[in-house]
Amino acid sequence: MKEKVTYAVVDIETTGGNVASGDRMIQFGCVLIEDEKIVQQYATDINPLVSISKQIEQLTGITNQKVAHAPYFEDVATTIFNLLDGCIFVAHNIQFDYRFLSEEFVRCGLPPLSISGIDTVELAQILLPTEPSFRLNDLAAAFNFLHENPHQADSDAYVTAELFLMLKKKLKQLPLVTVEKLVELAYHCTMQTGQFFKDTLSEMYTERPPVPKQLIVKEGLALQQKTVDYEQRTHRVPVHYPVTNKEKEHLFQQKLTMRTPQIKMMDEVYDYFSEHKSEHFAIEAATGTGKTLGYLLPLAYLATPQEPVVISTYTTLLQKQLFEKDSRQLNEILPFTIQTAVLKSKRHYIHLAKFQEVLKDPVENQLDALLKMRTLTWLTETTTGDLDELNLTNYLQPFWDKIRHRGWVDTMQEDPFYEQDFYLFAQEKIKNASIIITNHAFLCHDLHRKEPMLPDVQKIVIDEAHHLADVATEASSEIFSHYRNQHLLRLVGKLAEEKSFLGRLNQLVPKNIGIQTSQLNLIEMSSLALEEELSLFFEELVTYCHIELTEAQKKQDQIDLQFVRSTSWSLELRKLTKKVLALLQDVTILGMEVTQQALAQRKQLTQRERHLMDDFFELMQTLEEQTAIFQHIFQNSEQNEVTWFSFKQKSPKNSFVIKRSRIDILYTGATLELNSAFTYFEKQLGEQPLRKLLLPTPYDYREQAKLWIPKELKPIKQLSKKQFAQMIVEYLEVLVRCSNENMMVLFNSHETLQAVYELLQQHSAFLGRELLAQGLSGSRDRMLKRFFHSAGGILLGADSFWEGVDLPGKSLRLIVVTRLPFESPDRPFTKARYQWLEREGINPFVADAVPKATIRLKQGLGRLIRSETDKGVLLVLDDRLVHTSYGQQMLTALPSEMTKEVISKEDLGRELPFFLKDEQ
């Protein structure tokens, strides 16, 4: 008879992380599981005999008073030790709980823990591959586990137990072939987590579950079956666009709220595309108009797979939202189904044949094993193969580079997964879609491709059109960096390095496919020489930059210096430029020769060897591109281009980047509408005539929003960086002392953001508040999810946080703008653009800087009011908004009925809770 297994799911709360330093336990919680059921619970407070800090009190809700009469750990240590004896220890982030508890037992004269342990964080990462966060709170919210007291041991232990049972059930639902592969890799998991996989596989062998119907097994990989949905236009009930409001109401059927500006937009879009006019159409839709459905609905009645519509939006995140949320919402109300498809480059997709080969490679480390296991589970779920589904924060791991799709150098039909290939499946979906969704970057890059990937279309919608100019600039930009090129050369490697490209190519020499050791020797010598010359070149560039820098620039950490050939460009630099270019050309020419020779004998190669040649070919193509960029920058530059050098003072050579961009395509309009007129956008686009539509806001800004500027503000230009950061913290303290609202703090500078974050962490007024900072607290998605679920959270954001954030209701009712959102005029690119505008007879501040800052401020306000019931306050910590003519101009562009007033610090603390009180 099989021995009964008992799992002890444990959580502890402590005064800190180190027993040896005097930290102690303040709470212990344990849930026992047998036969996949919770059979017992045990929890106790513990008197630590040391003071609990305010930070821990606010985090856990456990106070010094609460534990004052609780038992000491010495009193309950034996009870807990006996409770755990013979069990398998389970915890969320087991390394902390297991180690701390073991050290506490030793301190009390008991043996250290020696029982087996399983980590639910690791299990979740493997078995829930698409979750954006693996924090216990976030997983509880995602799977609707009741979690009444987060950061209290009894509640955390119970939720962890529920999570563990769900994960075990999920594992047993996977096909045997997948679990077998997981077991092979699980040896590398934390503690005895791997044994859990083995034990579950043994149970599955006994039960022998069939392969789920939705899966197929191909070449040892279990995959979701995929089918392309075709539109049956000829057979569907004839429908016409709902012209009248009554028809639209019937269509919406209480599922969606009808808004007058949205109806106006729908009709205008339908008429415009029906009339086939040659003029372009610009629409400014205020936040809350429902603009996405405003153009999607009429397009659904006009688009067909034969004549599709392309919709381009700003980011891949908005692209995902359009596809997963908005198009699904559209299909729920339509009397027919419209097929939509996402258009992305190959590199977004997994290449199954390459993943299969990578699985055969020896496991390099624990992370490598976890990524392979996570991908195996994901393949049983995904129908797209889009790596973005994995919500990764770091795509720089070599593993992802090995398995991402790059296409085929020759015959794709020879790929063993040809019929299951995700990229080809995505292309097939695009051929049969009426609406194709892409992003601005893809759209702009596609214009430069020899073979465009976008179909030939007559109808295109540019959503978030004010970003198109900047994205077009970025798409035309070229970068040559020390780090990137050194990385490429390290990939080329040496003949003696088995894992390098040269080492692996050398193993093909005996196959007589045209590759000679002498050729590889030449590549190696040229590559090593190039590595050395590049290092010298960038050292000289750093010296050159330090000569050119002003005294003020020398004090900055981040350096951006516009490159203009001058007498400072030394003879040594000229020589090094020629040497680097010659060696770059040598490596790429020799590498391409080897590639062509091997590919001519492709039939003699195994699948793995073909992938090797494909990857080496792509590496040589990348080096060719870098060679062309280097030559263009230092030998063939043009008048309408700007080149600048960027680096950090702490590590100048390794961070050194040379960037080149065109100026003449930049100025196509930072925004569509400003002060109720499109002249700015119209003039810069050269659109004469341009059809225009300005849709009013559906919100009552008089009742719903206020804009406040503190009375006591000092002029920003009089403050040092340190004083500016301290001033921001000073006002944030006023806000947290009078309100427990979530607040978003928007910055122009990452440097200031980081300085404020560090000050907040040290300030007692912010203890217990969830502090989230862009670049420091995970991905944007993860931060927003944590912020949404927090109470009194503070999110510090820049760049993308100014827009595209949809947090309606109580989750966001307070936004702090730390500084008017002007671009830095000292950035070389901005400086070059302003010089170009001046040559054209245009005042750059009036025509470019102010309109761009105004639209950014409007976008910030747009994050605040997202529905008719929202209320919110926008606090601007920049007195220029009221004391300058351009500040007044910016205020005029904001909703006229919204209260805009200067307020004292004292009144701010009193008025804020009063204004928001009816929502609390």
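A nonpolar core is a set of buried Ala, Val, Leu, Ile, Met, Phe, Trp, Tyr and Cys residues joined through side-chain atoms within 4.5 Å. Buried stands for under 20% relative accessible area, exposed for over 50%, and partly exposed for values in between (1.4 Å probe, protein chains only). The model is predicted: local features need pLDDT of at least 70 and side-chain atom pairs count only at pLDDT 80 or more, while totals for chains, interfaces and linings use all residues. Residues are numbered from 1 along each chain as its sequence is written, and side-chain values use heavy atoms, with hydrogens and water left out.

**View 1. The largest nonpolar core, with 79 residues.** Leu732 and Leu796 have the most contacts inside this core. Helix H28 (residues 721-738) gives the largest share, ten residues; helices (H or I, at least four residues) and strands (E, at least two) are DSSP runs, numbered from the N terminus. Apart from residues up to four places away in sequence, Leu732 touches Met743, Val745, Val756, Leu760, Phe766 and Val816, where contact means heavy atoms within 4.5 Å. A second, separate core holds 71 residues, among them Leu123, Ala161, Cys189 and Leu392.

**View 2. Thr15 in the loop between strands S1 (6-14) and S2 (25-34).** Thr15 counts as buried, at 14% relative accessibility. The side chains of Thr15 and Asp23 are joined by a polar contact of 3.3 Å. A polar contact is a pair of N or O atoms within 3.5 Å; within protein, one must be able to donate a hydrogen and the other to accept it, and residues adjacent in sequence count only if both atoms are side-chain atoms. Beyond neighbours within four places in sequence, the contacts of Thr15 include Arg24, Ile26, Pro48 and Val50.

**View 3. Helix H4 and its surroundings.** H4 has 14 residues and reaches 20 Å from its first C-alpha to its last, close to the 20 Å expected at 1.5 Å a residue; the expected span is 1.5 Å times one less than the number of residues. Among the buried residues of H4 are Ile94, Tyr98, Leu101 and Phe105. The buried residues of H4 pack against S1, S2, H3, strand S4 (88-91) and strand S5 (117-119). Gly109 follows H4 and has a positive phi, near 85°.

**View 4. An aromatic pair, Phe73 and Phe105.** The structure holds 35 aromatic pairs. Rings of Phe, Tyr and Trp (its six-membered ring) pair if their centres lie within 6.5 Å; planes under 30 degrees apart count as stacked, over 60 as edge-to-face and the rest as tilted. The ring centres of Phe73 and Phe105 are 5.9 Å apart and the planes are at 35°, so the pair is tilted. The pair links distant parts of the chain, with Phe73 in helix H3 (residues 73-84) and Phe105 in helix H4 (residues 94-107), 32 residues apart. Phe73 is buried at a relative accessible area of 2%, and Phe105 is buried at 0%.

**View 5. Charges over the rings of Phe501 and Tyr731.** The charged end of Arg504 sits over the ring of Phe501, 4.7 Å from its centre. Lys905 lies over the face of Tyr731, 5.0 Å from the ring centre. A charge sits over a ring if NZ of Lys or CZ of Arg is within 6 Å of the ring centre and within 35 degrees of the ring normal.
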